[in-house]
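The reader is asked to consult the sequence and the structure shown below.

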Amino acid sequence: MAKAPVLTPRADDFPRWYQDLINKAELADNGPVRGTMVIRPYGYGLWERMQAEMDARIKETGTQNAYFPLLIPQSYLTREADHVEGFAPELAVVTHGGGKELEEPAVVRPTSEMIVNDYFAKWVQSYRDLPLLINQWANVVRWELRPRLFLRTTEFLWQEGHTAHATQEDARDFAAHIHREVYEDFMVNVLAMDVVPGRKTVRERFAGAVNTLTLEGMMGDGKALQMATSHELGQNFAKAFNTSYLSKDGTRELVWQTSWGSTTRMIGALVMTHGDDHGLRVPPRLAQIQAVVLAVKGDEAVLAKVRELDDRLKAAGVRVQVDDRVDTPFGRRAVDWELKGVPVRIEIGPRDLENGTATLVRRIPGNKEPVSLDSLVGRLPAFLEEDQALLLEQARERRESRTCEVSTIEEAVEAAVAGGWARVPWATLGAEGEARLADHAVTVRCLVAEDGSVPEDEDAPGNVAIVARAY
């Protein structure tokens, strides 16, 4: 009898494949409260690498990290009407503490615009205090009705940036800089995701914002996933909290603001973008383990060579781990590392030692070859870069092959329902057509200019709507 596959094939049941992979690659488990999750060490290692890469880029903009409370007085949320209306269905509210009913209920933060602005109003006095650039790494709670690990959970981890500026132009430019130089750069060059940068429509933009910039990725089943967003908040929150400054001219002016965020959803995107029927495929620049050195058998000479190679690879700057668990069958260990998507496996057994080689297994292209032990360390960095580029190329080929140009709403719906994206002129679609798409669970993911850039205005001539079903 044929052996049952380790994972449900993607073509048979993509959602089941996703859940299988999350479980068997030991990324996460469901938490005890519906919609929550326990992120396991291997999954959290991916998040730590994402944090490190993102944090470095965020700090290069001059932004500093801070921390704000988890609990927000409920009255704060009433100060900006659009914002509270947008989040009201998702709020978790604490009404009792210390065995007593609270005088004022506290909201578990769904996002921190409200509490951040309360303190910005205290911290900003003069034009000399601007720009004020703050980021925090934290958890948030949004009561999720249809949870799915990493993609939609009641509690998730994220970074949220909040900034205050003297002028509208400064705020606009900073939101665009975060969108391009932090998020897009990270997703393309580290996650190897062929994201599409664009502008959200009024219907889809963040509650309380005047403009939302987004990055949309195509998953393995053709659906879209919003990867990160950067918002221009105008002066909406500044008016609500009287966040103002004394200008050089001695006049009192309201600040202009931005907020921007990315979440552990990116781990789910990593799975759905790069995973295959054998498991995860982690981009080498992201991987916390770029290479695993496996001892095939417990031979002392083999173990000695494995440890020597470990030292040499670490000295060469490769993130490496030794697997010398020879009491566990080799085949099982190989399958486990394949599931986890480690870019390179280096397998060494007695026969390899005799030949002066190791068996090199490259997870991303899926090939296997003997490589000289003497040349391996020198060649490995180039292999890792080749495989990083291959993942991005495959993601781009998928998006391009599954995106079609259409001219009607009906054609757009047909393309999205069939598991792809459609590009339709925004002038043809408009807000009325966008509402009709929603009847078919299809949304405008973003607007792009004719040349693929981010449009300055929603109604700029030549704007194109990217239309898809989405997670």
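Apart from residues up to four places away in sequence, Val377 touches Leu309, Arg312, Leu313 and Ala316 in this predicted model. Val377 belongs to helix H11, which spans residues 373-401. With a relative accessibility of 13%, Val377 counts as buried, because the limit for a buried residue is a relative accessible area under 20%.

Gln257 is buried, at 2% relative accessibility. Its side chain makes a polar contact of 2.8 Å with the side chain of Asn117. Beyond neighbours within four places in sequence, Gln257 is in contact with a set of residues that includes Asn117, Phe120, Thr163, Ala164 and Ala171. The set also includes His231, Glu232, Leu233, Gly234, Phe237 and Ala238.

Burial can also be described for a whole element. Helix H7 covers residues 265-274, and ten of its ten residues are buried, so the helix is largely enclosed by the rest of the structure. Among the buried residues of H7 are Arg265 and His274, together with Met266, Ile267, Leu270, Val271 and Met272. Gly268, Ala269 and Thr273 are likewise listed as buried in H7.

The domain arrangement comes next. The protein is divided into domain 1 (14-274), domain 2 (291-384) and domain 3 (402-469). Between the C-alpha centres of domain 1 and domain 3 the distance is 25 Å. Domain 1 contributes 21 residues to the contact, and domain 3 contributes 23 residues. The size of an interface is often expressed as the accessible area lost when the parts come together. For domain 1 and domain 3, the area buried between them is about 1800 Å², with 58% of it on carbon and sulfur atoms.

Which polar interactions link domain 1 and domain 3? Eleven residue pairs are in polar contact across the interface, with both residues at pLDDT 80 or more. The elements that give two or more residues to the side of domain 1 touching domain 3 are strand S9 (196-199), strand S10 (211-218) and strand S11 (224-234). Of these, S10 gives the most, with five residues. The count of salt bridges between domain 1 and domain 3 is one. Glu216 and Arg445 form a salt bridge in which the closest N and O atoms are 3.0 Å apart.

The cysteines remain to be examined. A disulfide is a covalent bond joining the sulfur atoms of two cysteines. Why does the count of disulfides come to zero? The sulfur of Cys404 has its closest cysteine sulfur in Cys446, at 15 Å, which is too far for a bond. A disulfide requires a pair of cysteine sulfur atoms within 2.5 Å, and the count is therefore zero disulfides. The table gives the accessibility of the two cysteines.

| Cysteine | Relative accessible area | Class |
|---|---|---|
| Cys404 | 31% | partly exposed |
| Cys446 | 0% | buried |

Cys404 is thus partly exposed, whereas Cys446 is buried.

Conventions:
Residues numbered from 1 in each chain as written. Predicted model: local features only at pLDDT ≥ 70, side-chain atom pairs only at ≥ 80, totals over all residues. Heavy atoms only, no water. Buried < 20%, exposed > 50% of the residue type's maximum accessible area, 1.4 Å probe, protein only. Domains from an automatic or database assignment. Contact = heavy atoms within 4.5 Å. Buried area = accessible area lost by both parts, 1.4 Å probe. Salt bridge = Lys/Arg side-chain N within 4 Å of Asp/Glu carboxyl O. Polar contact = N/O pair within 3.5 Å; in protein donor to acceptor, adjacent residues only side chain to side chain. Helix = DSSP H or I, 4+ residues; strand = E, 2+ residues; numbered from the N terminus.
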